[in-house]
Amino acid sequence: MKKIIYLVLLTLTTSLYSQTAKEIIDRNIELSGGLTNWKLLNSVLLQGKVILGIKDEYPIKIYQQRPNLTKTVISISGKETAIEGFDGTKGYAMNYATNKLQEYPEYVSESFDNDFIDWESKGFDAKYLGKEKVGEIYCHKVELTKNVNKNIYYFDVKTFMLLKEVKKDDTLIYSDYKKVGNLVMAFRIESSSTKKDGDYMMILNRIDVNKVFPTNIFKF
């Protein structure tokens with residue numbers, strides 16, 4: 001009898017955590033623009049500056065287009081230089097030893113949508129891990145797992161905006177949220193990484209959505 005009661009309670013607890021995680025994710029999507037508007041998003045152009053280390057600061061542009069096209073460009077001495085991207089077939093990244101852009105056969109492109117959009121149909125499991133502070137702000141802590149990949153997300157308990165994301169090798173801090181059309185996006189992103197030279201801070205001054213890019217923009 002005790003085993004049966006324990007199993008019932010365990011099932012109910014798991015169900016409640018799963019439901020809570022789903023509600024938090026749904027609330028984030030709703031308050032950041034709504035599922036329909038996120039699915040109508042076809043392209044994004046991010047513009048601002050990226051700060052590497054203490055003094056290295058460069059103007060930056062990031063082009064992204066559905067389903068997984070991307071190109072990151074920085075300006076050095078007024079000259080725009082592509083440093084990373086995916087053209088739909090091949091991935092490219094700057095080799096700083098040779099100071100040349102080169103093809104990377106094993107380059108894995110990220111999905112245009114974030115993991116929250118249709119997370120269940122993508123095969124993710126969601127788990128609520130309670131509350132934890134990010135700086136001075138209490139956040140809901142949610143874990144998304146797919147196969148061996150596990151990411152943890154921290155959502156502001158008041159605004160439900162994403163404040164922190166912990167991946168395998170990177171931790172991202174999001175802030176300075178602003179309205180962009182029908183959506184709400186972070187204009188400041190800080191990254192700390194276990195990879196060499198992986199730390200950066202990106203401060204955006206402009207985000208354009210659903211912009212029609214030139215047909216050759218993702219060529220390298």
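1. Two strands count as paired if DSSP finds at least two bridges between them. Strands (E, at least two residues) and helices (H or I, at least four) are DSSP runs, numbered from the N terminus. By that rule, strand S7 (residues 125–134) and strand S8 run antiparallel and are joined by eight bridges.

2. The structure is a predicted model, in which local features need pLDDT of at least 70 and side-chain atom pairs count only at pLDDT 80 or more, while totals for chains, interfaces and linings use all residues. Residues are numbered from 1 along each chain as its sequence is written, and side-chain values use heavy atoms, with hydrogens and water left out.

3. An overview of the chain comes next. The protein chain has two helices and 13 strands. Along the principal axes, its C-alpha atoms fill a box of roughly 70 × 35 × 35 Å. The accessible surface is about 13900 Å², and 53% of that belongs to carbon and sulfur atoms; such areas come from the Shrake-Rupley method with a 1.4 Å probe, and for residues only the protein chains shown count as cover.

4. On burial, a residue is called buried under 20% relative accessible area, exposed over 50%, and partly exposed in between (1.4 Å probe, protein chains only). Of the 220 residues in the protein chain, 39% are buried. A contact means heavy atoms within 4.5 Å. Among contacts between residues at least 6 apart in sequence, 37% join residues at least 24 apart.

5. Seven of its 10 residues are buried, so the strand is mostly covered. On one side is S7, and the two form a hairpin with two residues between them. Gly135, in that turn, has a positive phi of about 70 degrees. Lys133 stands opposite Tyr138 in S8.

6. S8 also pairs with strand S9 (residues 149–156): eight bridges join them, and the two run antiparallel. Thr145 stands opposite Lys150 in S9. This hairpin too has two residues between its strands, and Asn147 takes a positive phi near 55 degrees.

7. How many salt bridges does the model hold? The count is 14, where a salt bridge is a side-chain nitrogen of Lys or Arg within 4 Å of a carboxyl oxygen of Asp or Glu. One of them joins the side chains of Glu80 and Lys61, at 3.1 Å from N to O. Glu80 belongs to strand S4 (residues 79–86) and Lys61 to strand S2 (residues 56–65), so this pair ties together parts that are 19 residues apart in sequence. Glu80 is partly exposed at 44% relative accessible area, and Lys61 is partly exposed at 25%.

8. A salt bridge also joins the side chains of Glu103 and Lys90, with an N to O distance of 3.9 Å. Glu103 is in strand S6 (residues 100–104), while Lys90 is in the loop between S4 and strand S5 (91–95), so the pair ties together parts 13 residues apart in sequence. Glu103 has a relative accessible area of 39% and is partly exposed. Lys90 counts as partly exposed, at 38%.

9. Is Glu136 buried or exposed? Glu136 is exposed, with a relative accessible area of 68%, whereas Lys133 is partly exposed at 38%. Elsewhere, Glu110, Glu165 and Lys167 are linked in a network of salt bridges.

10. Asp113 lies in the loop between S6 and S7. Its relative accessible area is 16%, and Asp113 is buried. The side chains of Asp113 and Arg66 are joined by a polar contact of 2.9 Å. A polar contact is a pair of N or O atoms within 3.5 Å; within protein, one must be able to donate a hydrogen and the other to accept it, and residues adjacent in sequence count only if both atoms are side-chain atoms. Not counting residues up to four places away in sequence, Asp113 touches Trp38, Arg66 and Lys122.

11. Which residues does Ser191 contact, leaving aside neighbours within four places in sequence? They are Asp170, Thr171, Leu172, Gly198, Asp199 and Tyr200. Ser191 sits in strand S12 (residues 183–193). At 7% relative accessibility, Ser191 is buried.
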